[in-house]
Each structure stands twice: as C-alpha cells, then as structure tokens.
Amino acid sequence: MTTIQLTKEECRKVAHAAIERRLTNLFKELKNLHSHGYACGNAWASDIEACGAEIAFSKFIGEKWIGDVNTFHAPDVEGGWQVRYTDRLDGKLIIRPIDSPKYEENFVLVTGLMPSYNIIGYIKGQDAVQEKYLWNPNNAGDAYFVSQKDLIKFKEDEDGWSLD
C-alpha cells in the first residue's frame with residue numbers, strides 16, 4: 001500500500017470540484033447512486049473525499065485527473081481508471097451493475113481522509129463481476145463488493161509504479 005499526501009492547493013482544487021459535483025446533483029435531481037450509504041456519512045463529505053481520492057491516484061500514477069462533473073461513464077483518471085473511495089480502512093471496492101459500460105476498465109480502491117490517501121489495489125471491472133462478490137446490503141440493490149485481499153497490488157521501484 002502506498003500513501004499519497006495532497007498539498008493545500010490540491011485540497012483546494014478537490015473542494016471546488018466536489019462542490020460543483022454536489023450542486024449539479026442537487027439541482028439536476030440526478031439518481032442517487034449511493035444506495036449503499038455515503039462514505040463519511042453524508043453526500044458533501046463523500047464528494048470531497050472521493051474527489052481527493054481521484055486526485056491522489058492521478059498523482060500516484062502520473063496521469064491526468066479528469067475531474068468532470070456527472071460524466072458517469074467517463075474515466076476518473078486518464079488511462080481508463082475508475083477510482084472508488086471509502087473512508088473505511090477495511091472497506092471494499094464497490095462496482096454496481098450501472099457500471100457495466102466500464103467493465104473493461106480498471107477499478108482502483110483508495111482509502112483515507114484528506115490530505116492523506118492510501119492506494120490499496122485494483123481489479124479489472126469484468127473480473128469483479130462474479131457471484132462471490134455479489135451482495136445486497138440493507139436491500140439497497142445488488143452490487144459487487146471486492147475485498148482488499150482480492151485486489152491486485154501495485155509494484156513500486158525506483159522508476160515509479162507498475163501493474164502487478
């Protein structure tokens with residue numbers, strides 16, 4: 001696991017992007033995808049921390065953070081990366097059936113709280129769509145919950161990171 005620290009300026013960028021995401025959700029009445037609960041207990045905090053996780057991961061791999069608002073099927077980070085965030089240190093990576101157009105992409109799990117984020121590991125979306133990961137907590141709808149032990153870890157060396 002690698003820990004990435006965001007700078008004050010990166011945190012400011014995160015906060016601005018998260019505010020735009022939340023306001024767009026509020027005023028366009030978009031469907032709530034967080035039927036399994038919000039990280040950090042509420043939508044505002046969840047949006048801020050999730051944006052922070054995206055920037056932390058983009059910083060980790062050296063790719064551009066997309067940072068778009070309400071482009072649900074676009075990658076979060078260039079190179080086809082979907083970032084999933086949880087504030088639970090033992091949390092799982094969640095992939096929902098609505099994510100099916102992205103199943104060819106890599107989904108990465110990031111934990112932590114601003115300004116410090118942990119890059120846990122990743123899985124190809126299509127590899128996560130298995131019966132053993134299917135769960136419907138609180139009768140909130142089926143989703144795939146991949147445990148951290150089943151995620152592929154990143155290798156790091158003097159040249160940076162590489163896929164395991």
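This is a predicted model: local features need pLDDT of at least 70, side-chain atom pairs count only at pLDDT 80 or more; totals for chains, interfaces and linings use all residues.

Which residue in β7 does leucine 93 stand opposite? Leucine 93 stands opposite valine 146 in β7. Residues are numbered from 1 along each chain as its sequence is written, and side-chain values use heavy atoms, with hydrogens and water left out.

Strands here are DSSP runs of E of at least two residues, helices are runs of H or I of at least four, both numbered from the N terminus, and two strands pair if DSSP finds at least two bridges between them. β3 pairs with strand β7 (residues 143-146) in the antiparallel sense over 3 bridges, within an open sheet of 3 strands ordered β3-β7-β6. β3 (93-95) and β6 (134-135) each have a single partner strand, so one side of each is left without a neighbour in the sheet.

The other sheet I want to show is open, has 4 strands in the order β1-β5-β4-β2, and its pairing is mixed. There, β2 and strand β4 (residues 106-113) pair in the parallel sense over 6 bridges, and the bridge partner of arginine 84 in β4 is leucine 109.

Now the helices: the axes of α1 (residues 8-28) and α2 (residues 43-61), which are lines fitted to C-alpha atoms over the stretch in contact, with angles running from 0 to 180 degrees between N-to-C directions, come within 8 Å and cross at roughly 130°. That makes α1 oblique to α2, given that angles under 35 degrees count as roughly parallel, over 145 as roughly antiparallel, 65 to 115 as roughly perpendicular and the rest as oblique.
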